[in-house]
Amino acid sequence: QPHRLCAAALGPATVPAAAKPKSVQVVTGSGAGDKDGRDWQNAMPIGALNKALGRARPGAGYLIGFEPAGGGSIPLDKGQLLIKVSGEEGRPVFVQAGLIAGDHELAAGNGDSPLFKSSKPWSVENFGRRGRSFFAIANGASHLRLSGFRIDGTPADGFFKFRAKQATTFSDIAISDIEARNVGRIIETERGASLRNLLVNDCKAVGIVRGFARFRDLSDATFRNLELDADNMDGGGKNVCQLIALSAGENVLFENITLRNALNEPPPPKKGKEPGYVQGDGIVCERKTRNITVRNCHASRMGDGGFDLKTTNVTMEDCTTDSCKFGARIWAEGDNVIRRCDFRNPVARNETMGACVQAGGTLEIVDTRMQAGPGTVAVSLSNKKNQKPPHVVMRGGSIETTGGGKVAHCNGDGVLEIYDVMVDGKLTTHRYVFKKKE
């Protein structure tokens, strides 16, 4: 028996108990009966949903249903649904997809059968030339719960796009239980869109070209229980993959996230030129971000960084990386700390030395294991222009080097202090001081 999701229990766990739909309308691809949405025998057609969403009241729920036997999907590239109304605190607007059950209930969809699919053949070569997002969220629409979507074949414009040319705030948004494959992006934001109080949880995506989600400005947000596998879909050129990207914001938690296989090879070098830089990242937070926590997250086989964090005040706990060029990159000065993490098998790519951790500012590393093999280093100190020399302190944990791998490297001035660290089996306390070569 499929697990049934009653209309009264649609919200994610963080939604207050009072936040349940006060009224429900049900929707199918072509509609049925009177087409007023009161039950599945009289379902509203998807073509009427835009009008219904335009007059949605706080507490309203819209359930998009599909036959359990399968065989039918809604094209995600023939029209766009616009959400521009807001719920209220404790009375959000719900939009959910799933399998038809009961009179007006949904069962969770089967991840093997997409409910929303590109009507045209999707490929890595053509995804960037394809249309608009399926959902456009505009006018600062807030207090929304979006869940249950099974998706195949999105453009770079995303499946959900928060639209705002000018500065606009969207708040109290939950996006959950999404399964997708063949992804340009799932969540995209325009430059004016600022998101607050966002929850993204329990999502899975395989085959990702540009990323799962990109945010221009995001604060007070949680990402939890995500499995994101780019599956080595290299879009080429400027189509660099960053699985989750954040340009600005603060107070963001990433927890229980698995990131795999984002790798973008540069074009072949011209004669006499050096090979280009290999790209592809897991989680990227740019310089205008603060107070980021990454907990129990795992990155593997990234062309560049598993966790590329230019953030001021980073906390990483209980994370692992394997076979990335850089496990973690910590760029800024601030209260930056890595605790109980495990960084293995960094990979040198083209002319770039791989590293378990690359630090360009201040960083404390506690009870963490690093393993560096041929052509790589455990701790790379990266001296940046207009910034103080990097200073890293490591306490406890271990560093293992094999095949000529190094404990530390610096491109200029920098300091690495290690205290009671097992270095190749020997308990070591040492201060590495690097000076710029004149």
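**View 1. A salt-bridge network links Glu 286, Asp 304, Asp 308, Lys 310, Lys 325 and Arg 329.** A salt bridge here is a side-chain nitrogen of Lys or Arg within 4 Å of a carboxyl oxygen of Asp or Glu. This is a predicted model, so to speak of a local feature takes pLDDT of at least 70 and side-chain atom pairs count only at pLDDT 80 or more, while totals for chains, interfaces and linings use all residues. Residues are numbered from 1 along each chain as its sequence is written, and side-chain values use heavy atoms, with hydrogens and water left out.

**View 2. Asp 152 and Arg 181 join their side chains in a salt bridge.** The N to O distance is 3.1 Å. This pair links distant parts of the chain, 29 residues apart: Asp 152 sits in strand 12 (residues 150-152) and Arg 181 in strand 15 (residues 179-183). Strands (E, at least two residues) are DSSP runs numbered from the N terminus. Asp 152 is buried at 7% relative accessible area, whereas Arg 181 is partly exposed at 31%.

**View 3. Lys 165 reaches Glu 190 in another of the 28 salt bridges.** Their closest N and O atoms are 3.7 Å apart. Lys 165 is in the loop between strand 13 (160-162) and strand 14 (168-176), and Glu 190 is in the loop between strand 16 (187-189) and strand 17 (193-208), so the pair ties together parts 25 residues apart in sequence. Lys 165 is exposed, with 70% relative accessible area; Glu 190 is buried, with 14%.

**View 4. Strand 7 (residues 93-101) has nine of its nine residues buried.** Two strands pair if DSSP finds at least two bridges between them. Strand 4 (residues 60-66) runs parallel to strand 7 and is joined to it by six bridges, with Gly 61 opposite Phe 94. Strand 11 (residues 144-147) is also parallel to strand 7, over four bridges, and here Val 95 faces Leu 146. Strand 8 (residues 105-107) pairs with strand 7 in the antiparallel sense over three bridges, with Ala 101 opposite Glu 105. Strands 7 and 8 make a hairpin with three residues between them, and Gly 102 in the turn has a positive phi of about 65°.

**View 5. Lys 35 and Asn 232 each have a positive phi without being glycine.** Most residues other than glycine have a negative phi. Lys 35, with phi about 60°, is in the loop between strand 2 (23-28) and strand 3 (44-45) and is partly exposed at 44% relative accessible area. Asn 232, with phi near 55°, lies in the loop between strand 19 (217-229) and strand 20 (242-260); Asn 232 is partly exposed too, at 47%.

**View 6. Met 316 belongs to the largest nonpolar core, which has 106 residues.** Such a core is a set of buried Ala, Val, Leu, Ile, Met, Phe, Trp, Tyr and Cys residues joined through side-chain atoms within 4.5 Å. Met 316 is among the members that touch the most others, a group including Ile 64 and Phe 116. Leaving aside neighbours within four places in sequence, the contacts of Met 316 (heavy atoms within 4.5 Å) include Val 294, Phe 307, Ile 330 and Phe 343.

Notes
Buried means under 20% relative accessible area, exposed over 50%, partly exposed in between (1.4 Å probe, protein chains only).
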